[in-house]
Amino acid sequence: MAMTSSRPYMIRAIYEWVVDNGCTPYILVNALHDSVFVPQQYVQDGQIVLNISPSAVVGLHVGNDFLTFSGRFGGVPQEVSAPISAILGVYAKENGQGMLFDAEEPDVPPKPPGPRPSASLSKLPTAKGKPSLKVVK
């Protein structure tokens with residue numbers, strides 16, 4: 001059974017942990033990713049760091065597919081939206097503790113490893129005598 005991405009769950013958990021510890025949660029976003037709507041004047045090297053603390057944003061929603069909120073940039077209100085796959089990290093401003101993610105998650109789950117070569121029963125060594133247990137200290 002294929003499982004959904006753990007990324008949105010990890011983002012929500014790290015966010016809550018950072019806030020509960022009195023720190024400021026920041027996210028690192030790949031601003032070049034499709035469907036990312038962020039203030040482009042603050043993008044550097046294709047990435048943007050956003051303060052998502054409760055005092056800095058309104059209506060923060062971290063869904064399984066998108067992260068959205070309203071924020072003020074240079075005093076101008078703006079809606080921000082990013083696919084969860086564009087979130088590269090979530091961490092505390094004060095100490096950098098948090099989590100970074102891979103730039104891209106694979107769309108297809110990895111294939112399970114192929115069958116292992118099995119030894120033939122005739123090639124296995126045979127035990128001689130009565131089985132015994134040994135106490136190891």
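Predicted model: local features only at pLDDT ≥ 70, side-chain atom pairs only at ≥ 80, totals over all residues.
Let me start with S35, which is partly exposed at a relative accessible area of 40%, where buried means under 20%, exposed means over 50%, and partly exposed is what falls in between, computed with a 1.4 Å probe on protein chains only. Residues are numbered from 1 along each chain as its sequence is written, and side-chain values use heavy atoms, with hydrogens and water left out.

Now, S35 has a positive phi of about 70° although it is not a glycine, and it is found in the loop between β1, residues 25-30, and β2, residues 47-51; strands here are DSSP runs of E with at least two residues, helices are runs of H or I with at least four residues, and both are numbered from the N terminus. That loop also holds D45, again a residue other than glycine with a positive phi, this one near 55°, and D45 is exposed, with a relative accessible area of 81%.

Turning to the sheets, β1 and β2 belong to an open sheet of four strands in the order β2-β1-β6-β7, with antiparallel pairing, where two strands pair if DSSP finds at least two bridges between them. Its edge strands are β2 and β7, the latter spanning 98-100, and each of them pairs on one side only. Neighbouring strands of this sheet are turned by 20° against each other on average, direction ignored. Within the sheet, β1 and β6, residues 87-92, pair in the antiparallel sense over five bridges, and the bridge partner of I27 in β6 is V90.

Helix α1, residues 7-20, lies across β1, β6 and β7 and runs at about 20° to β6; contact means heavy atoms within 4.5 Å, and axes are lines fitted to C-alpha atoms, for helices over the stretch in contact, with angles running from 0 to 180 degrees between N-to-C directions.

There is also an open sheet of three strands, in the order β3-β4-β5 and with antiparallel pairing. Because β3 (57-62) and β5 (76-83) stand at the edges with a single partner strand each, one side of each is left without a neighbour in the sheet. The twist here averages 15° from one strand to the next. Strand β4, residues 66-73, pairs with β5 in the antiparallel sense over eight bridges, and F69 has V80 as its bridge partner in β5.
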